[in-house]
Amino acid sequence: MLDLAARAAWRAVGDVEPGVLVGAVIVRAGVVIGIGHHKKFGGLHAERGALADCAQRREDPRGATMYVTLEPCGAAGKQPACVNAVIEAGIARVVCARRDPHPVKGGGAEKLRAAGVVVEFTDASPKAVAISEPFIKRQTTALPWVVAKWAQTLDGKMATRTGESKWISGPASRRSVHRLRSRVDAVITGIGTVLADDPMLTARGVARIRRRAARVVVDTELRTPDGAAVVRTAHEAVTIVVCAQDVLDSDLGALRSRQLREAGVRVIGVRRAAGPRGGVDLEEMLRALRADFAVSTALLESGPRLLGAMIDRGLVDEAIVYVAPVVLGDNEAMGAVGGRSAPKLADGVRWELAHHSRTGEDLRLVYRKA
């Protein structure tokens with residue numbers, strides 16, 4: 001039943017952030033009598049939605065069991081506390097996949113138990129556990145959830161030796177990527193990708209845009225050209241260029257920043273990362289995006305260097321990989337991830353396969369950090 005609750009919650013991806021995806025299922029004698037999910041930020045919570053579904057079906061939830069992906073909230077926020085609705089409805093047992101880490105609204109289980117409701121926590125449903133991970137990360141780290149996306153050949157190449165990458169993946173995969181862009185708060189890329197491909201990074205051909213993502217360019221030395229597509233369209237879609245603070249403080253950097261800002265670009269400076277690479281501190285960048293631009297979920301679409309740096313620093317939470325039925329077999333072709341040092345297998349970053357599907361002729365693989 002928790003799997004069913006998770007599937008219900010998934011329907012609202014892109015609509016509830018910075019809130020949490022939650023699904024609830026009410027069962028009596030093995031029969032589902034109510035299903036609900038958190039549909040929109042600030043809207044009715046999953047538990048109350050499931051109870052409303054019971055009423056619509058003319059089913060009495062008294063004595064039933066509620067399966068919910070996250071502990072019912074114990075205090076009011078934009079909506080009344082869900083524990084009150086559960087108690088008033090006479091639910092006898094609540095089975096939860098995760099505890100709510102919110103400092104104010106967490107602790108609902110104890111309030112339910114005090115009212116005589118049996119509460120159990122279980123990790124038996126990986127789907128139900130995983131559905132709230134982005135919210136829990138934001139609550140506990142003040143960092144956005146980061147999804148890295150890339151397309152590659154069967155032998156792991158992102159582009160040919162001459163830089164050709166359009167198109168490794170097929171039309172169905174590209175449509176899938178546009179749907180991803182329509183459900184996140186930011187799309188992050190590197191200056192190398194801007195200079196090589198001049199991408200727009202907007203969601204196009206999507207039936208419904210759930211979120212209008214900001215375009216974020218990681219550009220340590222402030223080299224983003226005035227003619228770049230993201231600059232030319234900065235008045236149409238939020239565009240943020242992130243550079244090193246010392247560059248921003250220099251005379252040339254101040255001039256370049258002013259020119260970009262006049263074009264509508266927002267320029268922010270962060271400290272440089274420690275080590276020989278000298279790029280921007282990527283964690284500080286993510287903190288700034290979360291704090292200053294309300295970025296809850298970010299999609300990373302970059303070349304191998306930035307992708308490798310983000311993975312190396314443990315800043316990528318989920319990877320979506322489109323594998324095309326093509327083999328290049330060229331040692332000089334560009335690999336999907338680069339810049340890391342891994343002389344031993346133990347130095348690799350381990351991931352767990354969460355989902356796989358076919359998109360046209362390609363394979364779509366979804367991984368989360370192990």
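Two strands pair if DSSP finds at least two bridges between them. Strands (E, at least two residues) and helices (H or I, at least four) are DSSP runs, numbered from the N terminus. This is a predicted model: local features need pLDDT of at least 70, side-chain atom pairs count only at pLDDT 80 or more, and totals for chains, interfaces and linings use all residues. Residues are numbered from 1 along each chain as its sequence is written, and side-chain values use heavy atoms, with hydrogens and water left out.

**Nine-stranded sheet**

- Nine strands form an open sheet with mixed pairing, in the order β11-β10-β9-β8-β12-β6-β13-β16-β15.
- The edges are β11 (266–270) and β15; each has a single partner strand, so one side of each is left without a neighbour in the sheet.
- Neighbouring strands are turned by 20 degrees against each other on average, direction ignored. Axes here are lines fitted to C-alpha atoms, for helices over the stretch in contact, and angles between N-to-C directions run from 0 to 180 degrees.
- β9 pairs with strand β10 (residues 239–244) in the parallel sense, over four bridges. V217 has V241 in β10 as its bridge partner.
- Helix α6 (residues 133–141) packs on this sheet and touches β6, β12 (297–300) and β16. Its direction makes about 130 degrees with that of β6. Contact means heavy atoms within 4.5 Å.
- Helix α12 (residues 282–293) also packs on the sheet, touching β6, β8 (186–190), β9, β10 and β11. The direction of α12 makes about 135 degrees with that of β11.

**The β13, β16 and β15 side**

- Strand β13 (residues 318–323) pairs antiparallel with strand β16 (residues 362–369) over six bridges. A319 stands opposite Y367 in β16.
- Strand β15 (residues 351–359) runs antiparallel to β16, joined by eight bridges. Here S357 stands opposite R364.
- β15 and β16 form a hairpin with two residues between them. In the turn, G360 has a positive phi of about 65 degrees.

**Five-stranded sheet**

- A second open sheet has five strands in the order β2-β1-β3-β4-β5, again with mixed pairing.
- β2 (31–37) and β5 (118–121) are its edge strands, each pairing on one side only.
- From one strand to the next, the twist averages 15 degrees.
- Strand β4 (residues 93–96) runs parallel to β5, with four bridges between them. V95 has E120 in β5 as its bridge partner.
- Helix α2 (residues 46–57) packs on the sheet, touching β1 (23–28), β2 and β3 (65–68). The direction of α2 makes about 135 degrees with that of β2.

**Nonpolar cores**

- A nonpolar core is a set of buried Ala, Val, Leu, Ile, Met, Phe, Trp, Tyr and Cys residues joined through side-chain atoms within 4.5 Å. Buried means under 20% relative accessible area, exposed over 50%, partly exposed in between (1.4 Å probe, protein chains only).
- The largest core has 66 residues; I188, L282, L286, L300 and M310 touch the most other members. Strand β6 (residues 145–152) gives the most to this core, with six residues.
- Apart from it lies another core of 27 residues, among them I33, A64, M66 and L70.
- L282 touches V218, L306, A309, M310, R313 and L315, not counting residues up to four places away in sequence.

**T220**

- T220 sits in the loop between β9 (214–218) and α9 (229–232).
- T220 is buried, with a relative accessible area of 15%.
- Its contacts include V242, C243, R272 and G279, not counting residues up to four places away in sequence.
- The T220 side chain reaches the backbone nitrogen of V280 at 3.5 Å.

Terms used:
Polar contact = N/O pair within 3.5 Å; in protein donor to acceptor, adjacent residues only side chain to side chain.
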